[in-house]
Amino acid sequence: MKRVYTADSLTMAWHIKNILEGHGVSCLIKNDKLYSVAGEVPITECMPEVWVTDALYAKYAEGILKQAESGPIE
């Protein structure tokens, strides 16, 4: 597994996960339940992360995310 995205909200993490899965990339969200400990643990440790389950797809996923940042994906 490899982390491909760190989101500032759980909603954004799920959106990124949906984009990647729409392109056939299997992924999961980590730290989705850590908001309750923010403040006791550094906030950067509590942010939701999107991980690709097969590290071989990491570069492909990163390319999809770059394209998504620049505009609509075709």
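The largest nonpolar core of this predicted model has 16 residues, of which Val-4, Tyr-5, Ile-16, Leu-20 and Val-50 touch the most other members. A nonpolar core is a set of buried Ala, Val, Leu, Ile, Met, Phe, Trp, Tyr and Cys residues joined through side-chain atoms within 4.5 Å, where buried denotes under 20% relative accessible area (1.4 Å probe, protein chains only). Two or more residues each are given to this core by strand 1, helix 1, strand 2, strand 3 and helix 3; helices (H or I, at least four residues) and strands (E, at least two) are DSSP runs numbered from the N terminus. Local features need pLDDT of at least 70, side-chain atom pairs count only at pLDDT 80 or more, and totals for chains, interfaces and linings use all residues. Residues are numbered from 1 along each chain as its sequence is written, and side-chain values use heavy atoms, with hydrogens and water left out.

Beyond its neighbours within four places in sequence, Ile-16 is in contact (heavy atoms within 4.5 Å) with Tyr-5, Val-50 and Leu-65.

Three strands form an open sheet of order 1-3-2 with antiparallel pairing, pairing being assigned if DSSP finds at least two bridges between two strands. The edge strands, strand 1 (2-6) and strand 2 (27-30), each pair on one side only. Strand 2 and strand 3 (residues 49-52) are joined in the antiparallel sense over four bridges, and Leu-28 has Trp-51 of strand 3 as its bridge partner.

Helix 1 (residues 10-22) packs on the sheet, touching strand 1, strand 2 and strand 3, and its direction makes about 170 degrees with that of strand 2. Helix 3 (residues 58-70) also packs on the sheet, touching strand 1 and strand 3, with its direction at about 15 degrees to that of strand 1. Axes are lines fitted to C-alpha atoms, for helices over the stretch in contact, and angles run from 0 to 180 degrees between N-to-C directions.

Key:
Buried means under 20% relative accessible area, exposed over 50%, partly exposed in between (1.4 Å probe, protein chains only).
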